[in-house]
Amino acid sequence: KSELDAFIVNHENQTVQPYDLKVTYDNESFEYMYIKNSYYLQQAFYDKALEEYCFQNKIDHYTVLPMQFIVADSSKNNRRPLVYKLTNYHTEQGYHGFTFNNRYYKGVNELMEAVSWSNFNQIWNCSKENFENNGIVELQEFK
């Protein structure tokens, strides 16, 4: 289930443009919030939901464009809303994961595999990797 804030179907260009509305205290630091609040996962789910919408409405030949986040500011500074435009690369990162500042962020595909493994094995208190390694974790060297 996905609840997009808005999307525009452009029949002339045969595109679908998704939008998500956010309000934050400092809309100029949205890039930080994008990582912290896992919006990369949200936009990947929305991409998949729009692909299904297009299929069900017989417009599956339309191109689903990358998400745009419209971010309002709630501070006393009363900044103008900003539009953060994602690319297809961001969508791929949402599906397949990415590394940023030496930290790996899992994508939707990997997380769904983990849920599937946990469901099949009825193991919910430990990740597959830690289960298979008998609870032994190699701590990375920090550089």
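Modeller: Q122 lies in the loop between α4 (108–121) and α5 (128–132), where helices are DSSP runs of H or I with at least four residues, numbered from the N terminus. This is a predicted model, in which local features need pLDDT of at least 70, side-chain atom pairs count only at pLDDT 80 or more, and totals for chains, interfaces and linings use all residues. Residues are numbered from 1 along each chain as its sequence is written, and side-chain values use heavy atoms, with hydrogens and water left out.

Biologist: Why does Q122 count as exposed?

Modeller: Exposed means over 50% relative accessible area, buried under 20%, and partly exposed in between (1.4 Å probe, protein chains only); Q122 has 54% relative accessibility, so Q122 counts as exposed. Its phi is near 55°, a positive value in a residue other than glycine.

Biologist: What makes S38 partly exposed?

Modeller: The relative accessible area of S38 is 26%, which falls between the 20% and 50% limits, and therefore S38 is called partly exposed. S38, in the loop between α1 (30–36) and α2, has a positive phi of about 55° although it is not a glycine.

Biologist: How do you know which residues of the largest cavity's lining are nonpolar, polar or charged?

Modeller: Ala, Val, Leu, Ile, Met, Phe, Trp, Tyr, Cys and Pro count as nonpolar, Asp, Glu, Lys and Arg as charged, and the others, Gly among them, as polar. The lining is made of P18, Q43, Y46, D47, L65, P66, M67 and T91, so this rule gives five nonpolar, two polar and one charged.

Conventions
1 Å grid on protein atoms, 1.4 Å probe; cavity = no way out; pocket = protein on both sides within 12 Å on 5 of 7 lines; lining within 4 Å. Helix = DSSP H or I, 4+ residues; strand = E, 2+ residues; numbered from the N terminus.
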